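User: I would like to go through this model with you. Could you begin with the core and then move on to the aromatic residues?

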Amino acid sequence: MALTVRVVYCRWAVGYKSKYLQLKKKLEDEFPGRLDISGEGTPQATGFFEVTVAGKLIHSKKKGDGYVDTESKFLKLVAAIKAALAQG
């Protein structure tokens, strides 16, 4: 069974959807066939780029994390995914 990764992003801000699609591809490359990744654009302007792994919020632009735009931010997600996969 695939692990659920959900990204909620601001649909109205330029570039957010492409950032989601880039992250999705990078995660799929890192964990081929092991993730169920979905993205949802918010109906209003929110500034969101929130990433949950197995229902747990791991990355939040709204809380100051910014985008997943550095290797350390990406590795934080990878660690959370590996931990969730290990728990089954």
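Analyst: The largest nonpolar core has 23 residues, and those with the most contacts inside it are V5, L23, L27, L35, F49 and I81. A nonpolar core here is a set of buried Ala, Val, Leu, Ile, Met, Phe, Trp, Tyr and Cys residues joined through side-chain atoms within 4.5 Å. Buried means under 20% relative accessible area, exposed over 50%, and partly exposed in between, with a 1.4 Å probe and protein chains only.

User: Which elements supply at least two residues of this core?

Analyst: They are β1 (3–10), α1 (16–30), β2 (35–42), β3 and α2 (71–87). The most comes from α2, with seven residues. Helices (H or I, at least four residues) and strands (E, at least two) are DSSP runs, numbered from the N terminus.

User: What should I know about the model and the numbering?

Analyst: This is a predicted model, in which local features need pLDDT of at least 70 and side-chain atom pairs count only at pLDDT 80 or more, while totals for chains, interfaces and linings use all residues. Residues are numbered from 1 along each chain as its sequence is written, and side-chain values use heavy atoms, with hydrogens and water left out.

User: Now the rings. How many aromatic pairs are there?

Analyst: The count comes to three aromatic pairs. Rings of Phe, Tyr and Trp (its six-membered ring) pair if their centres lie within 6.5 Å; planes under 30 degrees apart count as stacked, over 60 as edge-to-face and the rest as tilted. One of the pairs is Y9 with Y20, which is stacked, at 5.4 Å centre to centre and 15 degrees between the planes. This pair links distant parts of the chain, with Y9 in strand β1 and Y20 in helix α1, 11 residues apart.

User: Are Y9 and Y20 buried or exposed?

Analyst: Both Y9 and Y20 are buried.

User: Why is the pair of F49 and Y67 edge-to-face?

Analyst: The ring centres of F49 and Y67 are 6.1 Å apart and the planes stand at 75 degrees, so the pair is edge-to-face. Because F49 lies in strand β3 and Y67 in the loop between β4 and α2, the pair ties together parts that are 18 residues apart in sequence. F49 counts as buried at 1% relative accessibility, whereas Y67 counts as partly exposed at 22%. Y16, F49 and Y67 form one aromatic cluster.

User: Which charged end sits over the ring of Y67?

Analyst: The charged end of K19 does, 4.5 Å from the ring centre. The charged end of K26 sits over the ring of F74, 4.2 Å from its centre. A charge sits over a ring if NZ of Lys or CZ of Arg is within 6 Å of the ring centre and within 35 degrees of the ring normal.

User: Finally, in what order do the elements run from the N terminus?

Analyst: The order is β-α-β-β-β-α, and the secondary structure comes to two helices and four strands. Of the 88 residues of the protein chain, 34% count as buried.
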